[in-house]
Amino acid sequence: MSERASPSAGAVEWLARRAEAFVLPLAALIVGLLAFSVFLLFLGKSPLQLFELMWRGGFGSWFSVQNTLSRAAPLLLSALCVALPARLGLVVIGGEGAIVLGGVAAAAAGYALSGAPAFVGIVAMGLASMAAGALWIGAVGALRHYRAVNETISSLLMAYIAIALMNHFVEGPLRDPASLNKPSTHPIDPAFAIGDIPGMDVHWGLVVGIVACVISSILIEKTSWGFAARIAGGNVRAAQVQGLAVGPLIVGFCALAGGFAGLAGMIEVAAVQGNANASIAAGYGYTGILVAFLARHNPLAIIPVALLLGGIDASGGLLQRRMGLPDATVQVLQGMIFLVILFSETFYGRFKAFNPDLWQRRR
Amino acid sequence: MSGQGLSAVGVEAVGMTMRFGGFTALEDVTVRVPAGSFHALLGENGAGKSTLVKCMMGFYRPTSGQMLVEDREATIDSPRDAASFGLGMVYQHFTLVPSLTGAENLVISREKVPAVIDWRRERKDLATFMETMPFRLPLDVPVRELAAGEKQKLEIVKQLYLGRRFLVLDEPTSVLTPGEAEEVLGIVRGMTEAARLTVLMISHKFPEITAFADDFTVLRKGRLTGSGKVADHDRKAMAAMMIGDQPIATLDQRKPVAPDAAPVLEVKGVKAPDRSGLKSIEIADLTIRSGEIVGIAGISGNGQKEFFEILAGQRPPETGAIAVKSKAYGASRRESRALNVRYIPEEPLRNACAPRMTVAENMAFRTFDLDSEGRPARWISAGAIRRFAADLVARFKVKTASLASPIQSLSGGNVQRAVLARELTGRVDLLIVANPCFGLDFSAVAEIRARIMKARNEGAAVLLISEDLDELLELSDRILVMSDGALVYETPIATASVQTIGEHMAGHH
């Protein structure tokens, strides 16, 4: 046990241990953008113009910032659906399924409770959406722990089932006969609509998402459940020898993750669409995967990353109009960043600068 | 291409020494294997057998030492060099591609495979080659459909097909049934007698050594402790060379076990499937009393891991009862906490720690959900975890750069010290330990054994599962031998004889 010479050395060590999780994803993001620039050069477009437009479209004006914030709101919740199971060592990529089912459940609850006080209606919609999402992703966790079914595959396949179920409900039992061109459920009571944050053109979903991230962070870092989950995620054998109930931890964390994704669906319905229809399967569940990986499954880091990705998303229209790039451009960019992020995983622990244990040779 | 017409080569390793940093794995070991002989290499785990054959086969470059092939100096710097001298190795686990047929496996293993394979010609060549073998093998079915014995024969055929005339067999029968083992070794023995092959076989099963080998060499802690003709030595003599026959050291602080000491762990009629699911583990009756260490000896893979898992609640038994202090015990966190049961699994970094979590966090695994008065707590305090760990690190002399270091950055001995610190604080009534000193240096070993003895003297019942007989003899009050999933022999330490224990371990009796 070597004592540190001065408090500042301790601070440097503290900083170094935490810097890795910040510097490496940032570097990966930059490499991803550079790779995308090469792609643009082949198309004969200017990368500089792209970055300039991205800035303007995402963050350049109050209008674009509000657009970005609106798009970030569902990403916060859908990223939690990836990050929470990831702390237990599970790679769940089917948050989209929980979002659409949450949306359908919220729309059904909102229609059924028409005329009830607004507070009751909104809370009921939220609970219904969380229950639907929790059931869906909780089942993924249960299949993994009790039946050894790969959670990545099952969550993806269950997302397809969820989307098919949504289509069934929206076009069948829950369809509003008045929705002719675009099959939708009955609209929810307008009193249950979630409004905007005062002074902004951004709905309250953003606040819900941020609160969910903070709660998740407290759960993981400050409670004994979170600590137990980190043990199980770090080494399931060690958790079992300690007698920890690994099964309930996995199912519980997956269910909470699914509940947050379901809530994202409810917010889509209550703040944006007013009813549930195919538009709620907008791909937030998939972008959420990228957000969670960039944030290294740290719930607090999800907040800035979701804003960044929301900004890139918001600039899509501008890129399309000004540069004549196809609609899918933003998805290509996201895909490239995701690939680089996955490659960057191999660099963790390789750099001496981030590893104070290598600073002095011990005997 | 085939090995037809080639005859066995003699191989000699002279003065082999291998150091890894400050650790000497092998010291001045000389082994002579004349052409056409069947030589057995014996030793306990960690005795240096694998290090020796890896040096011989060019996987390691020995610190010093010389290889002779057919009495001529041979420079073997890589497995490829070894192959060019006709030296080959058959591993403990199969290296065949399961989805390919035997013929395909043989052809693709050649060093030079043509870009387009003329299968008709290859089949004809293989048929001619197989004519020279003393047994038949189905070469046209996928390897995964072969029985274990057939796979092992195919591994040996592969080496002959590749032109090897000296083979190292690394515990070749560990995955075979006794019948298969006898058949495979009989075939190998026949080939050595026909002077087609020279064999060096790593083993610790005495029956197969006495039945098939001509000569033997024994290693212990990296040194040569004996060699000679199998015919001139009995099993007891070989076991003594392998295990060492120094007097049993009793730690002087050992307190006598009270005659009326209360039973702490009682296992009755417990039965559970093993890893493979083919065999079962059956513990008929085991009682451990307060203040005694009961050692379980046995060769790796005879059910010790599964027994530990049963006791730790990771492998639910099919039948039987486990009781701790006369209460039915299912190894939940609540039960193990209420009854003061602690576990120290083998390979602590793999089985008792989360490698990327910090030293402080790892040391809190047992107590993070309790407050300072020992009541269940829902909130954890990073400060309390750090202070708790700082105290334990000081008391158990864990060497770590910082409490915030990931525990995987610590040396093996310090990881084990950290785990002991976590598990041995507070009152311990039952301690279940598996191979606590495996792979650790001498000072850590001595200290860890002293800690276990101290826990015993303070009244804990200790179950010590170990593959190291020296350790069992040093610590145990009673020794039981586990073989083939059952406890087959029991002796109090006073009458313990390494020879008898070794013979029971080796499946004799």
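Is F119(A) buried or exposed? F119(A) is exposed, because 10 other C-beta atoms lie within 10 Å. Burial is judged by such counts: 20 or more other C-beta atoms within 10 Å of a residue's own make it buried, 12 or fewer make it exposed, and counts in between make it partly exposed, with C-beta atoms placed from the backbone. The model is predicted, so local features need pLDDT of at least 70 and side-chain atom pairs count only at pLDDT 80 or more, while totals for chains, interfaces and linings use all residues. Residues are numbered from 1 along each chain as its sequence is written, and chains are lettered from A and ligands numbered from 1 in the order in which they are written.

F119(A) belongs to helix α5 (residues 118-147) of chain A. Helices (H or I, at least four residues) and strands (E, at least two) are DSSP runs, numbered from the N terminus. Between F119(A) and G103(A) the C-alpha to C-alpha distance is 18 Å, with 16 residues separating them in sequence.

Two helix pairs in chain A were examined. Axes are lines fitted to C-alpha atoms, for helices over the stretch in contact, and angles run from 0 to 180 degrees between N-to-C directions. Helix α3 (residues 62-86) of chain A packs with helix α7 (residues 205-222) of chain A at an angle of about 25°. Their axes are 8 Å apart. α3(A) is therefore roughly parallel to α7(A). Angles under 35 degrees count as roughly parallel, over 145 as roughly antiparallel, 65 to 115 as roughly perpendicular and the rest as oblique. The crossing of α3(A) and α7(A) is left-handed. That term applies if the near helix is turned anticlockwise from the far one by less than a right angle; clockwise is right-handed.

Residues are in contact if their C-beta atoms, placed from the backbone, lie within 7 Å. On the α3(A) side, the residues that meet α7(A) are L69(A), A72(A), A73(A), P74(A), L76(A), L77(A), L80(A) and L84(A). Their partners in α7(A) include G205(A), L206(A), I210(A) and C213(A). By class, this contact of α3(A) with α7(A) has 12 nonpolar, 3 polar and no charged residues. Ala, Val, Leu, Ile, Met, Phe, Trp, Tyr, Cys and Pro count as nonpolar, Asp, Glu, Lys and Arg as charged, and the others, Gly among them, as polar.

The second pair joins helix α2 (residues 47-59) of chain A to α3(A). Their axes come within 5 Å and cross at roughly 80°. α2(A) is thus roughly perpendicular to α3(A). R56(A), G57(A), G58(A) and F59(A) of α2(A) meet S64(A), V65(A) and T68(A) of α3(A). The contact of α2(A) with α3(A) divides into 2 nonpolar, 4 polar and 1 charged residues.

The contact between the chains takes 22 residues from chain A and 32 residues from chain B. On the chain A side, α1 (7-42), α8 (224-234) and α9 (236-241) each give two or more residues. The largest share, 5 residues, comes from α8(A). The chain A side holds 7 nonpolar, 8 polar and 7 charged residues.

Chain B is divided into domain 1 (11-243) and domain 2 (263-505). These bounds come from an automatic or database domain assignment. Over C-alpha atoms, the centres of the two domains of chain B are separated by 36 Å. In the contact, 10 residues of domain 1 of chain B touch 9 residues of domain 2 of chain B. Helix α8 (residues 235-243) of chain B gives the most to the domain 1 side, with 6 residues. The domain 1 side comprises 5 nonpolar, 3 polar and 2 charged residues.

L87(B) lies in strand β6 (residues 87-90) of chain B. L87(B) is buried, with 27 other C-beta atoms within 10 Å. Leaving out residues up to four places away in sequence, L87(B) touches V11(B), M57(B), A82(B), R164(B) and F166(B). P142(B) sits in the loop between α4 (119-131) and α5 (148-161) of chain B. P142(B) and T101(B) are 41 residues apart in sequence, but 3.9 Å apart in space, C-alpha to C-alpha.

Most residues other than glycine have a negative phi. D28(B), not a glycine, has a positive phi of about 50°. K397(B), also other than glycine, has a positive phi near 55°. K397(B) counts as exposed, with 11 C-beta neighbours inside 10 Å.

Technical notes: Two residues are in contact if their C-beta atoms, placed from the backbone, lie within 7 Å.
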